[in-house]
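Hi everyone, thanks for having me.

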Amino acid sequence: MRKLLIVFAIIISIIGINCVYAANTNQEEIISEETKSQLVEIKDKELKSIEDYNEAYGSTTYGLVAYILDKVRVYSIPVAFLGIAIAAIYQYVIGIRKLDVRDKGFGAMIGIVTMLIICQVLPLIFAIVVKGWRG
């Protein structure tokens, strides 16, 4: 009886997937003109930002690296806060009864804070080295 139910569920799943796939392939992807214009504006803004970095550092390679480091700096903050929250849950909520989990949470929190500091300081160090020592 269980095998029959499993086979029946698999058949229903395959039919459902085929129906959804067929429905999605028949539709044309419609993107409004407003969305297209917003995407073009975002792309132009980012390309302008990369060109500004290229002019500031005097090289395409250094400009691109500075741009990437700036994006890492910006996006590392929310990721670090999320990681600190998860590590705090491990340390203070789950770790109340299990000491090994508490130590795991503490170690994760130390690692996340260290990575946050590195991601925040690395663009500054890059700028000092490239602009200061390179000339």
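Before that, two quick notes. This is a predicted model, where local features need pLDDT of at least 70, side-chain atom pairs count only at pLDDT 80 or more, and totals for chains, interfaces and linings use all residues. Residues are numbered from 1 along each chain as its sequence is written, and side-chain values use heavy atoms, with hydrogens and water left out.

Okay, the inside. Which residues make up the largest nonpolar core? They are Tyr 57, Ala 66, Leu 69, Phe 126 and Val 130, 5 residues in total. By nonpolar core I mean a set of buried Ala, Val, Leu, Ile, Met, Phe, Trp, Tyr and Cys residues joined through side-chain atoms within 4.5 Å. Buried is under 20% relative accessible area, exposed is over 50%, and partly exposed is in between, with a 1.4 Å probe and protein chains only. Two elements give two or more residues to this core: helix 3, which runs 60-93, and helix 4, which runs 99-134. Helices here are DSSP runs of H or I with at least four residues, numbered from the N terminus.

Now look at the rings. There are 3 aromatic pairs in the structure; rings of Phe, Tyr and Trp (its six-membered ring) pair if their centres lie within 6.5 Å, and planes under 30 degrees apart count as stacked, over 60 as edge-to-face and the rest as tilted. Take Tyr 57 and Phe 126: their ring centres are 5.7 Å apart and the planes sit at 45°, so this pair is tilted. It links distant parts of the chain, with Tyr 57 in helix 2 (residues 33-57) and Phe 126 in helix 4, 69 residues apart. Both of these residues are buried.

The charged end of Lys 131 sits over the Tyr 57 ring, 5.4 Å from its centre. "Over" means that NZ of Lys or CZ of Arg is within 6 Å of the ring centre and within 35 degrees of the ring normal.

Is Tyr 92 buried or exposed? Tyr 92, in helix 3, has 53% relative accessibility, so it counts as exposed. Ile 86 is in helix 3 as well, and is partly exposed at 43%. Both belong to a nonpolar surface patch with about 670 Å² of accessible area together, whose members also include Leu 82 and Val 93.

Last stop, charges. Side chains of opposite charge can pair when their charged atoms come close. How many salt bridges does a search of the whole structure find? It finds 4, where a salt bridge is a side-chain nitrogen of Lys or Arg within 4 Å of a carboxyl oxygen of Asp or Glu. In one of them, Lys 71 meets Glu 46 at 3.5 Å, N to O. Lys 71 is in helix 3 and Glu 46 in helix 2, so the pair ties together parts 25 residues apart in sequence. Another joins Arg 73 and Asp 70 at 2.6 Å. These two both lie in helix 3, 3 residues apart, about one turn of the helix. Asp 70 is buried at 16%, whereas Arg 73 is partly exposed at 29%.

That's my tour, thanks!

Notes
Patch = residues over 30% accessible without salt bridge, like charges linked within 9 Å, V, L, I, M, F, W, Y side chains within 5 Å. Areas by Shrake-Rupley, 256 points an atom, 1.4 Å probe, with all protein chains shown as cover.
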